[in-house]
Amino acid sequence: MEKKRPKQLYLKMFRTYTAMVLCIVAALVLYFMSATRGRLLENGREELERISGEALAYAEGVEQIADYLHRDLYRSQSELEDLLQYFRLEPEEYQQYSLRRYISSEELVYKSVFYFMNQAFEAYSQLEKIELVSYETRQLTECRPENIVFPGKDGQARLAQIQNHEY
């Protein structure tokens, strides 16, 4: 058997310990990278849950507003009747109808469909617009909070979107 010199023994031990230290450092780096990745994924998941919860709450709020406005419109017979006449009559005929109706009523404020929409915009400031679509005449009326009304637009494309649930 060959006798090893102290220098050779030292080099062999140095290489062995260096390899062990490098393996330990590599294992620690992998562990910390894995732990950091897991923490980042968990934070991302929590943030995603928070955002989706907020989006769900917003959508539910909008749905409640839309349901309330829908029920409120059907609660008022005069406003509903006015809306039906708005879609059935030509603009000039509707103006005459609403004037005759206002003259015959004893109320100070004529509760037309436009009155209803103004009340809705005042009550719900987050409303951007209200669209009224006539299935009979295929006309679309857009109302904006600044009392800007765009009557008589072609509502065929919008009706197709509604029927295909493309809101």
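**Exercise 1. Determine how much space lies in the second largest pocket and what lines it.**

*Solution.* The second largest pocket holds about 260 Å³ of space. A pocket is defined on a 1 Å grid over the protein atoms alone, as an open set of points where a 1.4 Å probe fits, with protein on both sides within 12 Å along at least five of seven lines; lining residues have an atom within 4 Å of a point. Grid points are joined across faces, edges and corners, and the volume is the space filled by probe spheres set on the points.

The structure is a predicted model, in which local features need pLDDT of at least 70 and side-chain atom pairs count only at pLDDT 80 or more, while totals for chains, interfaces and linings use all residues. Residues are numbered from 1 along each chain as its sequence is written, and side-chain values use heavy atoms, with hydrogens and water left out.

Next, consider the lining. It comprises 13 residues, and those nearest the centre of this pocket are Tyr 86, Leu 89, Glu 90, Pro 91 and Gln 139. Two or more lining residues come from each of H2, H3 and strand S3 (149-154). Helices (H or I, at least four residues) and strands (E, at least two) are DSSP runs, numbered from the N terminus. By type, the lining of the second largest pocket has seven nonpolar, four polar and two charged residues. Here Ala, Val, Leu, Ile, Met, Phe, Trp, Tyr, Cys and Pro count as nonpolar, Asp, Glu, Lys and Arg as charged, and the others, Gly among them, as polar.

**Exercise 2. Describe the largest pocket and its lining.**

*Solution.* Begin with the volume, which is about 1,400 Å³ for the largest pocket. Of its 30 lining residues, Ala 66, Lys 129, Ile 130, Glu 131 and Leu 132 are the closest to the centre. H1, H2, S1 and helix H5 (156-163) each give two or more residues to this lining. The greatest contribution to the lining of the largest pocket is that of H1, with nine residues. Finally, this lining divides into 19 nonpolar, three polar and eight charged residues.

**Exercise 3. State how helices H2 and H4 are placed relative to each other, and which residues meet.**

*Solution.* Two packed helices are described by the angle between their axes and the distance between the axes. The axes of H2 (residues 77-88) and H4 (residues 113-123) come within 8 Å and cross at roughly 115°. Axes are lines fitted to C-alpha atoms, for helices over the stretch in contact, and angles run from 0 to 180 degrees between N-to-C directions.

From H2, Glu 79, Asp 82, Leu 83 and Tyr 86 meet Val 113, Phe 114, Tyr 115 and Phe 116 of H4. These residues comprise six nonpolar, no polar and two charged.

**Exercise 4. Is Glu 79 buried or exposed?**

*Solution.* Glu 79 belongs to helix H2. Its relative accessible area is 7%, so Glu 79 is buried. Buried means under 20% relative accessible area, exposed over 50%, and partly exposed in between (1.4 Å probe, protein chains only). Not counting residues up to four places away in sequence, Glu 79 touches Leu 73, Lys 111, Ser 112, Tyr 115 and Phe 116. Such contact means heavy atoms within 4.5 Å.

**Exercise 5. Locate Thr 137 and give its distance in space from Phe 87.**

*Solution.* Thr 137 lies in the loop between S1 and strand S2 (139-143). Thr 137 is partly exposed, because its relative accessible area is 33%. Although Thr 137 and Phe 87 are 50 residues apart in sequence, they are 7.2 Å apart in space, C-alpha to C-alpha.
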